[in-house]
Every structure is written in structure tokens, then in C-alpha cells.
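Subject: A structure to look at

Hello,

I am handing over the structure below, and I hope you enjoy looking through it.

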Amino acid sequence: MSSESVLLEGEKSESRTRFDWDFDSLRHTYAQISEIALGEFKLDTYPNQIEVITAEQMLDVYSSIGMPLMYLHWSFGKHFARDETLYRRGLRNLAYEIVINANPCISYLMEENSMTMQSLVIAHAAFGHNHFFKNNHLFRQWTDADGILDYMEFAKGYISRCEARYGDAAVERVLDAAHALMTQGVNRYPRRKVGGLGEEEKRVQDRLEELERSYNDLWRTVPQNGARDKRRTTEAERRQLLGLPEENVLYFLEKKAPLLKPWQREILRIVRHIAQYFYPQKQTKVMNEGCATMVHYETMTRLHEKGQLGDGAMVEFLSSHTNVVLQPDFDDRRYSGINPYALGFGMMQDIKRICLTPTDEDRTWFPQFAGNGDPWETLKEGWANYRDESFIRQYLSPALIRKMKLFAVVDDGVSDLVVKAIHNERGYQTVRSSLARQFDTSQKEPEIEIVDVDLDGDRRLMLQHRVYDNVLLAEEDIQPVLRHLADLWGYEVSLTEISSSSDAVLKQHTAGPTGALAA
């Protein structure tokens, strides 16, 4: 597939003399990289839009969760101030690039980068990430690359109009509550495919008018003039009426919260659409970065082999690349867990080795592709069809486990640490399974569902948290979030933590509305 390049000059015209690159050299380099990525590797990408921005502009993109268009909220300014302070004091570096999953795919390059680093970034973002965004099944299922930019423009304008009509403070309170529940505002399992995000602006007015007209079934059982309904709803009736259990808390509140106004419901809808857009990125960090790192490494290597990248530039590239894929040992003071770049790139390189020069062990573990002589097609099949957890279970090899010195340790919080797996056949399976679980989003984010509503009594909203490995929610975190939830619901909410193995009740939390949204 051909890939169109749109290079937008930065605000400072003197960038041509301040740095060792200019826009003509960027265009030339882009063409060389495109020839390799699309011609030799046969990558399939969206058209590219490449923009060169300053460090301050990069900080601004950081603060607005990496989106070129975003509504205003105080938390974005807080993030900008923090990141800018750390950057100016030399306590943190900025990413060389930010890439947007959109059609066209937008890649931001920092103007402070050297020509070598601009080449690396183009290969990494404009072709590596771009191919992954377009082809991975999670991004194809959950995101709308064609409509996201139009939707963000609509969202920004809609919230701005709400601020003008209802006041900044009122809108801010709704956004605060919605942001607090953002991680619980996604669908984790496939549902009926709805229209693209680009059509949301056309549908919003019809939807708001329908909400104004529609009869809210939640109030069907409200006692009139103090009289109680003689017939009480059964649990089965309530579940059918309300569509319970429901994992997407923001969706339920948008559709069922009895006291929210139409504009507040639309803001919840905006926030959950944004949460859903980023959900696949949480599940594919290792694969996505591994794909992009593999593409930039192989591309830069090919440029050097073809004489299009000098020895000095190659040394500069390898120095940066080595730092990115560094994996400190567990007893190294720099260790902070598994580096997704190191694991992802290591697995991609290992798959290439198995395709080209497999050992007998490789043929036993990976009979489906060992020795097939076609690493790029094997990689592209994996990039398209898996997420981190399943990719590790399918492709992590004993050879890479040994190379990275991976082992499994049991920590039950009571007795001493126990080494659970060593480097033998059973141990490799255990290490692979244990590592895969670490990248399973269901293990990192709480499994919370809305399970019932007391329609016949005080309208309490009841949620349930299924606890794995005895990891309960932190009290200092859950109480503020529950208060935001109660504000959106309008009545008291309760959350019960139950054991995933025995269904025993472990802990209960309750919170009532503060009245903030009614202010």
C-alpha cells in the first residue's frame, strides 16, 4: 500500500539553521524509509501526516493525553505544569515522538531531534505504530481511526458550548466525576457495532431530544403521594429492565441515572468514547512497542546496508536504541519491572530467528512457523491477531526465557519467597504463563460490575468487585470514586468486594451523593 506524506513545518522558520536537518532532508529520508517499510517489509499503513513541533508543544500534547484536539480541564494544566517543571530541571526527558491512531496517522516529531533521530522516529511511529494501529484486531474492533479527529473536534466544541450555557464550574464537576470513573467506562467484550465516531455530531441532537421525551423506567415504581406500590419488582425483572449486570459504569449512568440532565449524559458519553479509544493500547503495549521497535531497527539497519545511513549516524542510532531496549536485572537499582520495549523487541527478534534458523527445540515448540523462511509475514500475523497476554502465551520461547534470565517467584505475603519455576520444560511453561498474566488487563484493573438497583426502596445502586489474589481496593482511593459515582447516580451507592474463588463477602463500601452536581 502506498503511504502519502504530509510534512507540516514548525512555527519557527529558523529551525532550518538551528538543527542538522531541514524539511527537504526529511522528505528525502521519508521516501527512503517508505521504500523499505512498504516495498521490502510489505507493511500496510494509513497515509501519514508528519508534524514537527517544539518541546513546549510536545508537553502540551502530553498533558491532553496525546490528542491533537481536546476539551479543556484543569487536570491537563496540572499535568503540563508538572511535566514542564521536571523537563526544565533536567529531571526527565521527553519522548522523541507521539503518534495518533487516526486516518491519516499523525506523528509528532520534536524539532530538537537530530536528523538520525528524526529518521528513527519516522520508521518507528509513521510505519511501525501506524501498521499496528491499522491491522491489530483490537484497534479494528474498538477504535474508529477515520472518525476520531472529527469526534474530538465535536467533543471540544460541545463541552465549550456547555461551559458557556451552564457555567465552567458545573461542567467541571461532571468531568471530574466522569474522569474518576474512566477506567470503568469501557466495554471489555464485543457488542453490536454502532456507527462511526464521525457521525456522532449528527446524531447528538436527535439523541438529546429523545432523552427529553422518553419515559424513564426507573421512576415507574416511584411512590405517588406517599403511597407504596403494592407489587415489588423481582431481581430478574430489575435485571431485564436495567440490562444488568453491566461492566461499563459510565454507559449505565449515561442511560439510566435518573437525575442527570441531557447535556450531562452527553459529557459522560464523550468521556467513555475517549476511554474506549485508548483501551486497546492498554492491552497491546508490549506488541505495539515491539512492532514499532522492530520496524525502526530493521529499517535503520537496511538504510546503513544500502549506504543511505553513515557509520556515525548508525552509532548514534544504536546508542539510543540500546538504551530504549535495556532490561535491568532484578537486583539492579534501575529495575522497575519488565521493560515492554525490551520484551517486545526481544520477542520480535526471536520470532525472526526461529523463522530463519530454528533449533530442534524451536521446531518442537513452534512447529507452525519454525523454519518457514518468512519472518515478516509471521510477525504481521501475530501483530494482527493477538494482544499482549495471548501473544506472550503463544510466542515466548525457552531460548528468550534463558536469554532474559526470566524466572517465576511466589510471594504469598506470609512465608518466604519461593522460586516456582526453573529452566526446564515445565518451568518454561510456568514462566510463560506467569509473565502473560502480568500483561492481562483483567489482572491489573479491578473487575467491577453494577449488579442491582433498589427500585422499590431508596434507589441504591449496588456494585460488585470480584477480588483476585486477595487484592482489595484501597480505601483511600475507593471512597472519593464512590462519591463521584453517587453524585452522578443521584442516590446512595454501595460496593461489595467478593472472593473470586468462594464468592464470600470480603468488604463493603458505601457512599452518598454530595449534591455537587445539583449546585
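This is a predicted model: local features need pLDDT of at least 70, side-chain atom pairs count only at pLDDT 80 or more; totals for chains, interfaces and linings use all residues.

The axes of helix 11 (residues 249-256) and helix 22 (residues 475-489) cross at roughly 25° and come within 10 Å. Angles under 35 degrees count as roughly parallel, and helix 11 and helix 22 are therefore roughly parallel to each other. On the helix 11 side, V249, F252, L253 and K256 take part in the contact, and they meet L485, L488 and W489 of helix 22. Sorted by class, the contact of helix 11 with helix 22 has 6 nonpolar residues, 1 charged residue and no polar ones.

Now a step back to the whole protein. The protein has 519 residues, and buried residues make up 50% of them. It holds 22 helices and 10 strands. For contacts between residues at least 6 apart in sequence, 73% join residues at least 24 apart. The accessible surface of the protein comes to about 25000 Å², and 49% of that belongs to carbon and sulfur atoms.

The axes of helix 2 and helix 5 cross at roughly 45° and come within 10 Å. Helix 2 and helix 5 are therefore oblique to each other, and the crossing is right-handed. From helix 2, the contact is made by S25, L26, T29, Y30, I33, S34, A37 and L38, and from helix 5 by M115, Q118, S119, I122, A123 and F127. By class, these residues of helix 2 and helix 5 come to 9 nonpolar, 5 polar and no charged.

S25 lies in helix 2, which spans residues 23-40. Is S25 buried, exposed or partly exposed? Its relative accessibility is 23%, so S25 counts as partly exposed. S25 and S119 are 94 residues apart in sequence, and their C-alpha atoms are 9.9 Å apart in space.

The other partner is helix 14. Helix 5 (residues 115-135) packs against helix 14 (residues 311-324) at an angle of about 60°, and their axes are 9 Å apart. Helix 5 and helix 14 are therefore oblique to each other, and they form a right-handed crossing. T116, M117 and L120 of helix 5 make this contact with A313, E316, F317 and S320 of helix 14. The residues in the contact of helix 5 with helix 14 divide into 4 nonpolar, 2 polar and 1 charged.

E445 sits in the loop between helix 21 (441-444) and strand 7 (447-453). Which residues does E445 touch, leaving aside those up to four places away in sequence? They are T183, R188 and K282. E445 has a relative accessibility of 17%, and because buried means under 20%, E445 counts as buried.

Best wishes

Technical notes
Residues are numbered from 1 along each chain as its sequence is written. Side-chain values use heavy atoms; hydrogens and water are left out. Helices (H or I, at least four residues) and strands (E, at least two) are DSSP runs, numbered from the N terminus. Buried means under 20% relative accessible area, exposed over 50%, partly exposed in between (1.4 Å probe, protein chains only). Contact means heavy atoms within 4.5 Å. Accessible areas come from the Shrake-Rupley method with a 1.4 Å probe; for residues, only the protein chains shown count as cover. Axes are lines fitted to C-alpha atoms, for helices over the stretch in contact, and angles run from 0 to 180 degrees between N-to-C directions. Angles under 35 degrees count as roughly parallel, over 145 as roughly antiparallel, 65 to 115 as roughly perpendicular and the rest as oblique. A crossing is left-handed if the near helix is turned anticlockwise from the far one by less than a right angle, and right-handed if clockwise. Ala, Val, Leu, Ile, Met, Phe, Trp, Tyr, Cys and Pro count as nonpolar, Asp, Glu, Lys and Arg as charged, and the others, Gly among them, as polar.
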